[in-house]
Amino acid sequence: MNETTRLRQGSGSTAGGGAERTPEFRLAMDAYGGLRRDLFHDAFAYRPLPRMRTDGPITRRLPGRIREAAAWTPHAEVGFLAFLTMMFGYTRSLSGVGGGLAWLVSGLIVAVPVVMTLVRPIGAFWMSCAATLLTGLVGEHGSMTPWTPGSVFMHLSVLTVVALRTRPRVAAWMWAVTAALSVVLGSARGHSGSFGSLQMVFVYGIVLLLISVVHIRKDAERQVSAEKSVTAVERDKRTVLEERTNIARELHDVVAHHMSVVAIQAEAAPYRVENPPPELAQAFATIRENAVAALTELRRVLGVVRAEDYEAPDAPQPTLADLEGLLANVREAGLPVEKVITGAVRELPQGVELSAYRIIQEALSNTLRHAPGAGARVEIGYVLGGLGLRIVNGPATSKAGPSQGSGHGLTGMAERVAMLGGAMTAERTGEGGYEVTVFIPVEPAEPAEAAGSAEATEKEEHA
């Protein structure tokens with residue numbers, strides 16, 4: 001019994017609802033739903049035409065009051081279209097007799113839908129259809145078409161304004177309704193299938209097609225612009241991460257060197273004291289174990305940020321003491337560069353000197369790439385609170401070729417300066433060159449610590 005009931009229910013649902021599952025029926029229902037949403041749902045909703053932007057290349061140069069008035073340009077254009085439509089409506093009155101109330105109403109009927117597009121665009125389209133039907137049934141028209149001159153210009157104006165204010169799909173629905181309206185009106189006046197009706201439908205279709213193409217192109221441009229913005233943001237983030245990774249790789253050698261020195265000194269310290277206490281020996285052993293463990297973890301971190309094609313350097317990381325070699329290479333590449341040092345030269349933390357060296361290197365590389373033939377000047381200032389750098393180049397004397405760099409040199413400089421808590425500016429000079437100014441704060445070493453460090457270094461050298 002249950003099986004029989006299920007079979008009957010299945011047969012009934014197949015027989016009664018088979019049409020619901022056909023692709024044609026679903027396509028028709030989707031089309032009907034789109035028509036209702038676009039042309040029937042809230043057709044007379046209040047949607048005022050926004051004012052025109054006045055920040056364009058022409059409007060921004062207008063005086064204040066004129067620029068404010070220019071914002072109403074779209075509304076004035078629609079008003080002018082309504083005036084022309086009314087003039088066309090007066091060419092043939094509703095009753096065919098010039099003058100009188102019927103002649104006056106004939107112009108207003110076709111002008112009202114055009115004005116209505118300013119506030120209720122979809123409702124204006126239906127008003128235009130109603131006005132076209134009215135003037136086509138009771139007004140004078142040509143022998144080849146049921147369209148009157150006023151209704152032709154009115155409907156064309158309404159279709160144009162509404163299509164500009166809505167989506168391309170709405171334009172397609174308006175054209176379909178207009179074609180159906182032309183067929184109905186032609187049948188009522190005995191012009192069914194006339195050349196004039198087909199000609200009007202064709203002209204309307206061409207106008208709506210052009211407007212839809214403009215809409216689609218603008219939407220595509222906006223989408224491409226949005227994607228470019230997202231891509232630029234992601235590229236900047238990736239660039240920052242890459243620069244930070246490069247900095248971490250370079251500073252690994254600096255930190256690893258210091259940790260290795262700590263481990264070696266902790267291991268050798270008990271042997272420098274005759275009969276050291278067990279507590280002191282144990283303390284130095286603990287220091288060495290922690291230094292070795294920290295060095296091991298540091299190498300693991302480097303393995304995480306290391307690229308597949310990364311090659312470990314076969315020389316110590318450069319410092320400001322190696323700057324002469326860099327300047328010599330740059331001069332050989334054709335860039336005349338001058339170095340100026342002010343203040344008392346002193347040894348700075350190795351991380352600071354490495355960053356300063358890389359900043360100067362990148363600034364000179366940018367000069368070679370983007371300002372061929374220009375001269376450069378490197379100024380290094382040792383001040384009490386830190387280190388100052390100024391790299392400036394003159395204007396290019398020849399056209400720069402295609403850049404072979406990554407184009408993110410300034411990002412790398414800024415990351416290095418930010419890591420050290422410094423400040424950086426990069427801007428063009430009044431002479432047409434470019435200037436990079438950097439200040440890296442460095443805490444002054446205490447005299448006792450400096451003396452102790454010098455004494456320890458002297459003992460190591462004697463040993």
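Q: In which helix is N366 found?
A: Helices here are DSSP runs of H or I with at least four residues, strands are runs of E with at least two, and both are numbered from the N terminus. N366 is found in α12, residues 350-370. Residues are numbered from 1 along each chain as its sequence is written. The model is predicted, so local features need pLDDT of at least 70 and side-chain atom pairs pLDDT 80 or more, while totals for chains, interfaces and linings use all residues; side-chain values use heavy atoms, without hydrogens and water.

Q: Is N366 buried or exposed?
A: Buried means under 20% relative accessible area, exposed over 50%, and partly exposed in between, with a 1.4 Å probe and protein chains only. N366 has 16% relative accessibility, so it counts as buried. Contact means heavy atoms within 4.5 Å; leaving aside neighbours within four places in sequence, N366 is in contact with A371 and M413.

Q: What does α12 pack on?
A: Two strands pair if DSSP finds at least two bridges between them. The open sheet has five strands in the order β1-β2-β3-β5-β4, with mixed pairing. β1 (337-342) and β4 (423-428) each have a single partner strand, so one side of each is left without a neighbour in the sheet. β4 pairs with β5 (residues 434-441) in the antiparallel sense over six bridges, and A423 stands opposite F439 in β5. α12 packs on this sheet, touching β1, β2 (376-383), β3 (386-393) and β5, and its direction makes about 5° with that of β3.

Q: How is the packing of α4 and α7 described?
A: Two packed helices are described by the angle between their axes and the distance between the axes. Axes are lines fitted to C-alpha atoms, for helices over the stretch in contact, and angles run from 0 to 180 degrees between N-to-C directions. The axes of α4 (residues 73-89) and α7 (residues 149-165) come within 7 Å and cross at roughly 160°. That makes α4 roughly antiparallel to α7, a label for angles over 145 degrees; under 35 is roughly parallel, 65 to 115 roughly perpendicular, and the rest oblique. Residues of α4 including L81 and F88 meet residues of α7 including F153 and M154.

Q: Where is D42, and what is its phi?
A: D42 lies in the loop between α2 (23-40) and α3 (64-70). D42 has a positive phi of about 50° although it is not a glycine. With a relative accessible area of 45%, D42 is partly exposed.
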